[in-house]
Each structure stands twice: as structure tokens, then as C-alpha cells.
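Thank you all for coming; I would like to walk you slowly through one protein chain today, and please have the structure open on your screens as I speak.

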Amino acid sequence: MRQGLHRRSIMVLGTAALLSACTRPRLKPDQSINGEDFWSGRLGLQIEEGAEKNFSAAFDLSGDAQRGDLTLYNPLGNVLAKLKWSPGTATLDSPDQRLVSDSLGELLIQLTGNDLPIQALFGWLRGVDVKATGWTADLSRIDSGRLVATRFSPQPVAVLRIVLNR
């Protein structure tokens, strides 16, 4: 029972990790590290699956859909998980386990059971209204560092809310 709860927590964490990648407006030139885009803020993920499930974390994200790093933090600033990806490999490290896959997409399917729109997420991150099957993104407040992305299909409905550090 406890392992099932832990696996579900990792699934929510993985979903949050990927979805948080879509959550930052265009960068100013001074908001990059080593030539890579960099975003930081807080995210909240709500999954409407039976009993409503919520997850929130602070995050730092750098890179793009091909290569990047994402770190999630709890309210005290402790690392919840680190996600790293590059062509041919993706890893998720948390205090309890390490998962490895051939790609970010495959790792996220392993974690969440869903094929998430990685390319669209990074488009949304840059303020571009990229269409993704089953998803909508409200970019109307992206200039003030706020984004809401909603997955309607496949079920369950998931809502991601992002507030970026300014």
C-alpha cells in the first residue's frame, strides 16, 4: 500500500516536472545561463482523478525540449526531485529513487501514463500559443509571469498554474 502511494506521488511529481517546463514567459537576454533559457517560480498542479489531487513546488528550469534540467523544491527549499534530459537519455532523481529512460517523453509516460506535449510546453514557456491535442494554454497573463494550462483529454482533467519569479 505504501509503495503504491509512493509511486502515485512520483507520478504526480513527474507530471509536475514536465508541465512546469511550459511555464515561463520570454526571457530577457540576462535571464539565461550559459546561453540556455532559464526560468524560476512556483507551480501548482491539480489532477481531477476521483478525489482531487494537488501538488505544488518551487522550480528552476533551464534548457529546451531537447536538453534541459528541472529542479523541484518543497516550501522549505529542500530538493524534491531533479529531472535531466538530453538526446537519448532522461533521468529523474528523488531522495527515494532514480528512474532512467531513453527520452524525456518516454520517462514522462513511465511516470504519468500519459504522452505529454513537450514541444508545446516549451512554446508556451516562450509565450507562443502552440496547439497540442487535448490541451489548452491561457497565455493572456504570460507577460506578468502567469500561465494556466489545462488538459481536457485524455482524462483525468489536469490544470497547471504557474507564477514566475520576477
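I will begin with the model as a whole and then turn to a few places in it.

What you see is a predicted model, in which local features need a pLDDT of at least 70 and side-chain atom pairs count only at pLDDT 80 or more, while totals for chains, interfaces and linings use all residues. Residues are numbered from 1 along each chain as its sequence is written, and side-chain values use heavy atoms, with hydrogens and water left out.

How confident is the predictor here? The pLDDT, which is the predictor's confidence in each residue on a scale from 0 to 100, has a mean of 78 over the protein chain, and 73% of the residues reach 70 or more. Over residues 4-30, however, the pLDDT is below 50, although this stretch has 88 contacts in the model beyond near neighbours in sequence, a contact being heavy atoms within 4.5 Å. Where pLDDT is low, the predicted coordinates should not be read in detail.

Now to the overall layout. The protein chain has 3 helices and 10 strands, where helices (H or I, at least four residues) and strands (E, at least two) are DSSP runs, numbered from the N terminus. Of the 166 residues, 46% are buried; buried means under 20% relative accessible area, exposed means over 50%, and partly exposed lies in between, with a 1.4 Å probe and protein chains only. Of the contacts with a separation of 6 or more, 42% are between residues 24 or more positions apart.

Let us look next at strand β2, which covers residues 36-49 and contains Gly44. Gly44 counts as partly exposed because its relative accessibility is 21%. Leaving aside residues up to four places away in sequence, Gly44 touches Phe55, Ser56, Val159, Leu160 and Arg161. The C-alpha atoms of Gly44 and Phe55 are separated by 5.7 Å, with the two residues 11 apart along the chain. Gln46 also has its place in strand β2, and at 17% relative accessibility Gln46 counts as buried. The side chain of Gln46 is joined to that of Arg161 by a polar contact of 3.3 Å; a polar contact is a pair of N or O atoms within 3.5 Å, where within protein one must be able to donate a hydrogen and the other to accept it, and residues adjacent in sequence count only if both atoms are side-chain atoms.

Leu70 has Leu83 in β5 as its bridge partner. The hairpin of β4 and β5 has 5 residues between the strands, and there Gly77 takes a positive phi near 90 degrees.

What joins the side chains of Asp69 and Lys84? They meet in a salt bridge, at 2.6 Å from N to O. Asp69 lies in strand β4 and Lys84 in strand β5, so the pair ties together parts that are 15 residues apart in sequence. A salt bridge is a side-chain nitrogen of Lys or Arg within 4 Å of a carboxyl oxygen of Asp or Glu, and a search of the whole structure finds 4 of them. Among them is the one between Arg98 and Asp93, whose closest N and O atoms are 3.5 Å apart; Arg98 is exposed, at 54% relative accessible area, whereas Asp93 is partly exposed, at 29%. Another joins the side chains of Lys131 and Asp129, at 3.1 Å from N to O, and here Lys131 is exposed at 69%, while Asp129 is partly exposed at 43%.

Is helix α3 enclosed by the rest of the structure or open? In helix α3 (residues 118-125), 7 of the 8 residues are buried, so the helix is largely enclosed by the rest of the structure. The buried residues of α3 include Phe122 and Trp124. Just after α3, Gly127 takes a positive phi of about 85 degrees.

My last stop is Arg151, which is in strand β9 (residues 146-151) and is buried, with a relative accessible area of 5%. A polar atom of the Arg151 side chain lies 3.3 Å from the backbone oxygen of Pro154.

Key
Pairing = 2+ DSSP bridges.
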